[in-house]
Amino acid sequence: MAKEPQEKTINEVDQSNSLQLDFEVSIFDLFKHYFQVKLRVHSDLSEMVFCLPSWTPGSYMIRDYGTHLHKFEVKNSQTGESVSWEMVDLHRWKLKNLPPEFEITYIIYAFEDFTVRTNYLETEFGFINPPALFLYPEGKLNQPSTVLFQVSDYFPYVYSSLTRDVENQKIFYAKHFDELFDSPFHLSKQHSVFFIAGTTKHELLVEGDVTFDFKTKLAEDLKRITETQIEWMMESPNPYYLFVLNLSLPAYGGLEHRASSINYFNPELLSDEEEYKRLLELLSHEYFHLWNIKRIRPIALGPFDYQKPNLTRELWIAEGFTSFYDVYFLYHSGFLTKEEYLSKLQSDILSLEDNEADSWMSLEESSFTAWTKYYKRNANSHNITVSYYTKGGVLALCMNLFLLKESKEKKTIRHVFHKLNEVFVKTKGRGFTKQEFFDTVKEVTGVDLKTEFNDYLENPKPIPVDYYLDIIGIQRIQTDLVGDTGFKTKEKAGNLYIQKLLHKADTESFDLMLDDEILAINGKRASSNTLQKLEKNLRPGEKFHLILSRAGKIKESMITASGFYKTRKFVIAEDTTDERKELREFFLRNVV
């Protein structure tokens, strides 16, 4: 692995600070999945509190990382004697009567979940999500630190976007804890590949059993996507960027960072062309966060309090706009046809209409309660929880189309982002409020987006998507109205059980519970064939009879079928006005 663009020697580290923090990470037991962390501290303080974060920025849920911290010890570095300490809450340790030099050691269990926000250690690789591994001194998040990895016996390469030491490539420097916590580490036996886009050197590390040809193809495809995004923003914000793609186990997810992203994807799906495009969509999404969230951000998303939620009502900007542009960039990078792109838009729009969540939750509530509702899902979440990813992406589409129509100079969200970047990132060095976002839109485009769209942000109501798509001459076709049972089933040992209930605003509620066993349908013994026959011939408003077994008791339930259109799609209308055709051509030809 080549050296990163930014490097320094140990002698260049600022030694003037009275507090010096040096981490050392090693493997305590590979087969039992334990990391060991040593934190060597030089300080003139007699008492300190050290904390472990309870969540990871970008993943909005309290995760209580302290659950996996064990064997906490503090010793005098000179004498080896134990230093007094006590645990004052679930994430904080108070140290007393401190000598000038002391060492904290602890063990971290790293095998809970295979996700982008949790530590993971096995024989082929190790992953470190820094908030889940590194303690920080309370009230001193601006303190610089070093991290030394002693893992060469297991993993020859350590990948991270942090600055490395020139002489020892396994020593990393963090200017402050916000930088450390936003710079994950991947321990590997794999070599990486490189490509240049804009003025940024990109490194791609693929973990898993894939060929070198796959790595080079993916690097070439990523080069096209990143060049499209860099051209869209008219800048390369940093000299180096690291993509980590883990293809070791069936998984899906990504997490953005200041100069890197961690991405997981199911290796069994790579041979499917559509699934490969879904992988590119994931990588495109996380890369666009390099600007949207990591730099251009709602004001609540930084600086962070790592012990409690940073609440914001603007994740529809941070994640919703990113969800619109990830696919839009794929289309404009040549990976999707016009029809495939419209199909992607259609999928998101229709998914919002398949339940009644729009009448339960507003976009702003979806964002504000992400910590307790979106990230802590239950069996009823799909009925009452709006996704700020999906609905936020649809909103971004509608806002762009409205701007195309109303802005005399065809100014779009692209131009708004340029202005936000100039004012709030480069000049003011902070995030923006909701009002500042809308003020910027009006300044740049001359259009009052708040008056047009604020109702769909603050209140639980659907966005009239058809109205906005008609601006560019795209229309909905709905045919074949059929009946819907209102539930999904699973089969176990030849028997049918209720797996999912689908609540819709236009139908009556019915007496069904999750895990009810369906014994009979309309007087006939239930089977998958019986259910399929019912679903094939069911009409809207038609009633059908179920005999159920619930907790050992026999019950009967009469269900009224809801209705849905079997064929639903959005098509380009050729018989439309020249103005609509011109705007459609602009939207599909130019990267708005």
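**Close-up views of a predicted model**

Lys504 has a relative accessible area of 17% and is therefore buried, the term denoting under 20% relative accessible area, with exposed over 50% and partly exposed in between (1.4 Å probe, protein chains only). This is a predicted model, in which local features need pLDDT of at least 70 and side-chain atom pairs count only at pLDDT 80 or more, while totals for chains, interfaces and linings use all residues. Residues are numbered from 1 along each chain as its sequence is written, and side-chain values use heavy atoms, with hydrogens and water left out.

**View 1. The salt bridge of Lys504 and Asp484.** The closest N and O atoms of Lys504 and Asp484 are 3.2 Å apart, and the two residues form a salt bridge, defined as a side-chain nitrogen of Lys or Arg within 4 Å of a carboxyl oxygen of Asp or Glu. Distant parts of the chain are linked by this pair, 20 residues apart: Lys504 is in the loop between strand S24 (495-501) and strand S25 (517-521), and Asp484 is in strand S22. Helices (H or I, at least four residues) and strands (E, at least two) are DSSP runs, numbered from the N terminus. Asp484 is buried because its relative accessible area is 12%.

**View 2. Val482 in strand S22.** Val482 belongs to strand S22 (residues 474-484). Its relative accessibility is 15%, so Val482 counts as buried. Although Val482 and Arg539 are 57 residues apart in sequence, their C-alpha atoms are 5.2 Å apart. Beyond its neighbours within four places in sequence, Val482 is in contact with residues including Leu538, Pro540, Gly563 and Phe564, contact meaning heavy atoms within 4.5 Å.

**View 3. Two further salt bridges.** The structure holds 38 salt bridges. In one of them, the side chains of Lys434 and Glu364 meet at 2.7 Å, N to O. This pair joins distant parts of the chain, 70 residues apart, with Lys434 in helix H11 (residues 434-445) and Glu364 in helix H6 (residues 363-368). Lys434 and Glu364 are both buried. Arg584 forms a salt bridge with Glu574, their closest N and O atoms being 3.8 Å apart. Arg584 lies in helix H15 (residues 578-589), and Glu574 in the loop between strand S29 (562-572) and H15. Arg584 counts as buried at 7% relative accessibility, whereas Glu574, with a relative accessible area of 54%, is exposed.

**View 4. The surroundings of Ser54.** Ser54 is located in the loop between strand S4 (48-51) and strand S5 (69-76). Its relative accessible area is 0%, so Ser54 is buried. A polar atom of the Ser54 side chain lies 3.2 Å from the backbone oxygen of Gln307. Apart from neighbours within four places in sequence, the residues in contact with Ser54 include Met61, Asp64, His91 and Tyr306.

**View 5. The sheet containing strand S4.** An open sheet is formed by 4 strands in the order S6-S7-S4-S11, with antiparallel pairing. Strand S6 (85-89) and strand S11 (136-137) are the edge strands, each pairing on one side only. S6 and strand S7 (residues 92-95) pair in the antiparallel sense over 4 bridges; two strands pair if DSSP finds at least two bridges between them.

**View 6. Helix H2 and its end.** At 1.5 Å a residue, the 22 residues of helix H2 (residues 212-233) should span 32 Å, and the end C-alpha atoms are 31 Å apart, which agrees. The expected span is 1.5 Å times one less than the number of residues. Met234 follows H2 and has a positive phi, near 60°.

Notes:
Polar contact = N/O pair within 3.5 Å; in protein donor to acceptor, adjacent residues only side chain to side chain.
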